[in-house]
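Please read the following walk through a structure of chains, domains and helices, which moves from the overall division to individual residues.

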Amino acid sequence: MSEAAPDTTAPETTPPQREALLEVDHVTLRFGGVVALNDVDFTLYKGEILGLIGPNGAGKTTCFNAMTGVYAPTQGEIRFKGERVSGRARHKITRMGIARTFQNIRLFPEMSALENVMVGADAHHKASVISALFRLPRFWREERSGRDRAHDLLRFVGIERPGELARNLSYGEQRRLEIARALATSPTLLCLDEPAAGFNPAEKDSLLKLIRKIRDTGVTVLLIEHDMRLVMGVTDRIVVLEFGKKIAEGLPAEVRDNPAVIAAYLGVPTDAA
Amino acid sequence: MNAHVEKVRSRGRSMRARWDSMPRQVRWIALLALVVFLYLLPNRWFYINLWYFRTMESDMATVLFETSFFVLLAVGLNVVVGFAGLLDLGYFGFFAVGAYTVALLTSPESRFDVGWPWLAAVPAAVAVTMISGVILGGPTLRLRGDYLAIVTLGFAEMIRLYAARNEGIANGQRGIPEIPHPVPSVKGSDGQALFGVVDARPYYWLTLTIIIFVILGVRNLTRSRVGRAWVAIREDEDAAQIMGVPTFKYKLWAFAIGAAVGGLSGALFAGKQSFINSDSFQLTNSILVLAAVILGGAGNIYGAVIGAFITWYLPEWVRGIGGVIGLEINVAEYRILIFGAVLIVMMIFRPQGILPSRRRAAEFADRRQEAAPTEASA
């Protein structure tokens, strides 16, 4: 995380050189008769912060799960760096460079904060069971670098007590620990699922700063949030879902003024707008 | 409310905390003293001075040997159940596979009649059990929780039922006799082979040595990415996978390592008994090992050791205690009943086990808090 390359020109508009990182290509996802995602199509570009918003039950988390390989799309496909995501084992998708946090916190509660982050760092470690058993040099090397990296990341997200069990951390710290654990897997794309849920305004503020800091280290961020105001403050672009369909996409200002989006959020029938 | 949780939790961890806070040298000396004590224990001149700690009715060295192979089993099962959180109800099946592999490879009475020495058969037994663990785990570790428990239970029964068939290679009830003792060329002070029929002490010493090495190995694993992966799987398998843990691979490793230790234990058992048949592998033994692990504190290596020691040693000890305290009734007949009562009392007052892992201690503290929120404020 130290090789931060601060992005001085915070992009007011979409970045000029748009290198696609993740392509959601006309994805439809059905569960039995329920259409959770209906022909959703958008692209995430390298280095941006993309907001994925929509009212409750719009399919944000489903879309998120499809991107991280939890569900395979019924139709269409999701490509990361040009490679298909679905059909791979989930831990391999993580190694491709997609990391995520969970809407309802899912840490390893009885491991320390440090160990939680080290599990993430282990994603790229290669020490085998044999080398761990006999304490071979590779084991020591990876153990040391993993530990250092975990300490760095805990400092980065602002957790002071690395030895504390995850379950004993405060709610805000647990949310930040999830982010640190995800970052430990060295992702190119970090997906945050409602990271500000349950936060007060001050905490939301420091979270926004953290998200920008993460982007400045070169990580692309996908942010799910249904608090519109929060999303407006940090994202470069926004995709809006409603009932599993994409109803808008664009710059925050454009999206804010989009009648379909206003209708979706205020509950006015779309055709009245 | 919090004070109560802290109290329960501190009770769970006080031993660990006290141990951790001791200076390093003190801990090493204490461990060394314990190991020396354990090596001295089966000698008559030593245990005779231990007041009522020794067993009165049964041969101390034999009981200690049986206890030690049981401890080895518990250490192996603890990897599977305690660390990786996989409920294995058929662990004794691996013990049987190990014992039968040794028997078949060494005994002149076996259908194979290859007559290997015991020492050569041990690595083969470990390899065969490990492979059988992988074969069983391959398809079944995709299952979770109760389903895995049922499949493993079935596995142990399958092994036992096959062994009970007269037509099979295991000879059913007639069993396989004349399994050679370990290393006959090593002579004791009396010129006889060190590993003989009468004296159980060498077997105990051998098993104790193996236990020490197995514990060191398991400890190394649990303090590495392997152990972190196991605990992560136990805590939240989906989250572990999404954080890049190849869960299936590590579950299979836990299973294979557990199986290998079980097989090793079986090989020692066969070498000592020099006769095994299908009656040696009753289902209750699987349950007993599991009870030992839970009793001691799943997820803690030393907890499993203590749990197994109590589970095996206590009933044997109770067998001889009746005469000492001057009871007319034969306590030996009630020893399993007494053990059962101890287990129940234990589960009521200390469900997290004697030496719990950090996780269990806290988890049970939480549950109490939920169960008795009013009392908790006191």
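Domain bounds, as used here, come from an automatic or database domain assignment. On that basis chain A is divided into domain 1 (1-97 + 187-273) and domain 2 (106-169), and the C-alpha centres of domain 1 of chain A and domain 2 of chain A lie 29 Å apart. The contact takes four residues from domain 1 of chain A and six residues from domain 2 of chain A, where two residues are in contact if their C-beta atoms, placed from the backbone, lie within 7 Å. On the side of domain 1 of chain A that touches domain 2 of chain A, the residues divide into two nonpolar, one polar and one charged; Ala, Val, Leu, Ile, Met, Phe, Trp, Tyr, Cys and Pro count as nonpolar, Asp, Glu, Lys and Arg as charged, and the others, Gly among them, as polar.

This is a predicted model, in which local features need pLDDT of at least 70 and side-chain atom pairs count only at pLDDT 80 or more, whereas totals for chains, interfaces and linings use all residues. Residues are numbered from 1 along each chain as its sequence is written, while chains are lettered from A and ligands numbered from 1 in the order in which they are written.

Within chain A, Val27(A) has its place in strand 1 (residues 20-31) of chain A, helices (H or I, at least four residues) and strands (E, at least two) being DSSP runs numbered from the N terminus. Val27(A) counts as buried because it has 26 C-beta neighbours inside 10 Å; a residue is buried if 20 or more other C-beta atoms lie within 10 Å of its own, exposed if 12 or fewer, and partly exposed in between, with C-beta atoms placed from the backbone. Not counting residues up to four places away in sequence, Val27(A) touches Leu37(A), Val40(A), Ala66(A), Pro73(A), Gly76(A) and Ile78(A). Val27(A) and Glu77(A), 50 residues apart in sequence, are 5.9 Å apart in space, C-alpha to C-alpha.

Between the two chains, the contact takes 30 residues from chain A and 23 residues from chain B. Helix 2 (90-96), helix 3 (113-121), helix 4 (129-133) and helix 5 (137-157) of chain A are the elements that give two or more residues to the side of chain A that touches chain B, and by class this side has 13 nonpolar, six polar and 11 charged residues.

Chain B has 16 helices and zero strands, and buried residues make up 47% of its 378 residues. Helix 4 (residues 60-83) of chain B and helix 12 (residues 283-296) of chain B pack at an angle of about 75 degrees, with their axes 9 Å apart; axes are lines fitted to C-alpha atoms, for helices over the stretch in contact, and angles run from 0 to 180 degrees between N-to-C directions. By class, the contact of helix 4 of chain B with helix 12 of chain B has eight nonpolar, two polar and no charged residues.

Turning to helix 11 (residues 247-273) of chain B, 23 of its 27 residues are buried, so this helix is largely enclosed by the rest of the structure. Just after helix 11 of chain B, Ser274(B) takes a positive phi of about 55 degrees. Helix 5 of chain B is likewise largely enclosed by the rest of the structure, because 15 of its 15 residues are buried.
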